Amino acid sequence: MEQPNTDLMLIEKILNGQTDQYSLLVKRHQRFVFTLALRFAKNREDAEEIAQDCFIKAYKALGTFKQTSKFSTWLYTITYTTAMTFLRKKRLDTSSIDDEDTFIQLENHTSGFMANGYEKKDGYKFLNEAITQLMPDDAAIITLFYQGEQSLEEIGASLNMEPNTVKVKLHRARQRLREKLQYLLKDEVKELL
């Protein structure tokens, strides 16, 4: 039985001219990059754009990847910086909250998001909803730690923070997440009664 290629093996092949191997790296990491981008962007279209930009940037910079950390840590750093840049640019394109079209778009987006079946299991529904209500940095740290199974050191490298800072931010993010969950579940219990 053939052993699957590691990220480093794929990178070596890509750098040696087998550029078609990049699709394997994308497939391996696309779900988590998208999830992380969605935590920042809060909507599917923007998250898809951020994720696509991340993979393009990673491909162009692949020759600069130093194997001092995991490829995933390096890629999540690119995701974080790309998302922050995207959000800064998007803030410049703000529209009036009084605009009726904005409310219609928001309502359509929300119902479309729920209808697309993104949240399949009830157990994760409230958790993901609570995470989306967190500030982007809190959501990123929670996502990287629990879903990405990154260590404090790896998260620190991705977000350009000291591991102790990440530990404190993770603790605070957990507290805020607990508050959001308590609020969401309180409303759910009311709906059941």
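Analyst: Below we take some labels one by one and set each against its rule. This is a predicted model, in which local features need pLDDT of at least 70 and side-chain atom pairs count only at pLDDT 80 or more, while totals for chains, interfaces and linings use all residues. Residues are numbered from 1 along each chain as its sequence is written, and side-chain values use heavy atoms, with hydrogens and water left out.

User: What makes R28 and D7 a salt bridge?

Analyst: A salt bridge needs a side-chain nitrogen of Lys or Arg within 4 Å of a carboxyl oxygen of Asp or Glu. In R28 and D7 the closest N and O atoms are 2.7 Å apart, so the pair meets that rule. R28 lies in helix 2 and D7 in helix 1, so the bridge ties together parts that are 21 residues apart in sequence. Helices here are DSSP runs of H or I with at least four residues, numbered from the N terminus.

User: Why is D7 called buried, and why is R28 called partly exposed?

Analyst: Buried means under 20% relative accessible area, exposed means over 50%, and partly exposed is in between (1.4 Å probe, protein chains only). D7 has 16% relative accessibility, so D7 counts as buried. R28 has 39%, so R28 counts as partly exposed.

User: How do you know that R176 and D138 form a salt bridge?

Analyst: Their side chains meet at 2.6 Å, N to O. The pair links distant parts of the chain, with R176 in helix 9 and D138 in helix 7, 38 residues apart. D138 is buried because its relative accessibility is 8%, and R176 is partly exposed because its value is 35%.

User: Why does E154 count as buried?

Analyst: E154 has a relative accessible area of 18%, so E154 is buried. E154 also forms a salt bridge with K70, with the closest N and O atoms 3.2 Å apart.

User: What makes helix 2 kinked?

Analyst: The bend at a residue is the angle between axes fitted to the seven residues ending there and the seven starting there. Helix 2 (residues 22-41) has a kink of about 50°, centred on H29.

User: What makes F40 a contact of Y80?

Analyst: Contact means heavy atoms within 4.5 Å. Leaving out residues up to four places away in sequence, F40 touches several residues, including Y80, M84 and P136.

Key: Helices (H or I, at least four residues) and strands (E, at least two) are DSSP runs, numbered from the N terminus.
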